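Colleague: I am new to reading models like this one. Could you go through the terms with me, one at a time?

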Amino acid sequence: MIRSELIQKIAEENPHLFQRDVERIVGTIFDEIIEALARGDRVELRGFGAFSVKKRDARVGRNPRTGESVEVEEKYVPFFKTGKLLRDRLNGG
């Protein structure tokens, strides 16, 4: 599901809300998640999962085309861990 599909589904299930209000609500939620991760905070959505940021140390990597060694700088990457409810539903529980 992409953002526009989520907005459409919420709007259909809540006909009392204007489309622009649903777009603003979804946008605000996503923006807050992004801001929290940018600060290094953890974001937990009960039953769904938790987003966090993990640090990847600098290392020597390989260029897959040439096999040449390349320096890969330290970086931070988003990480998602599924919640128990979501994991159970995916596995037929």
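Modeller: Gladly! Let us begin with domains: their bounds come from an automatic or database domain assignment. Here that gives domain 1 (1–39) and domain 2 (42–92). Two notes on the source: this is a predicted model, where local features need pLDDT of at least 70, side-chain atom pairs count only at pLDDT 80 or more, and totals for chains, interfaces and linings use all residues. Residues are numbered from 1 along each chain as its sequence is written, and side-chain values use heavy atoms, with hydrogens and water left out.

Colleague: How far apart are the centres of domain 1 and domain 2?

Modeller: Taken over C-alpha atoms, the centres are separated by 24 Å.

Colleague: How do you know what counts as a helix or a strand?

Modeller: Both are DSSP runs, numbered from the N terminus: helices are H or I with at least four residues, strands are E with at least two. By that rule the chain has three helices and five strands, in the order α-α-β-β-β-β-β-α from the N terminus on.

Colleague: What radius of gyration does the chain have, and what would a compact globule of 93 residues have?

Modeller: The radius is taken over C-alpha atoms, and the globule rule is 2.2 Å times the number of residues to the power 0.38. For 93 residues a compact globule would come out near 12 Å, but the chain has 19 Å. The C-alpha atoms fill a box of roughly 60 × 35 × 30 Å along the principal axes.

Colleague: Why is S52 called buried?

Modeller: Buried means under 20% relative accessible area, exposed means over 50%, and partly exposed lies in between (1.4 Å probe, protein chains only). S52 has a relative accessible area of 18%, so S52 is buried. Buried residues make up 16% of the 93 residues in the chain.

Colleague: Where does S52 lie, and which residues does S52 touch?

Modeller: S52 is in strand 2 (residues 49–56). A contact means heavy atoms within 4.5 Å. Leaving out residues up to four places away in sequence, S52 touches L37, R42, V77, P78 and F79.

Colleague: And why does R20 count as exposed?

Modeller: R20 has 52% relative accessibility, and therefore counts as exposed. R20 is found in helix 2 (residues 19–38). Its C-alpha atom is separated by 9.4 Å from that of I7, 13 residues apart along the chain.
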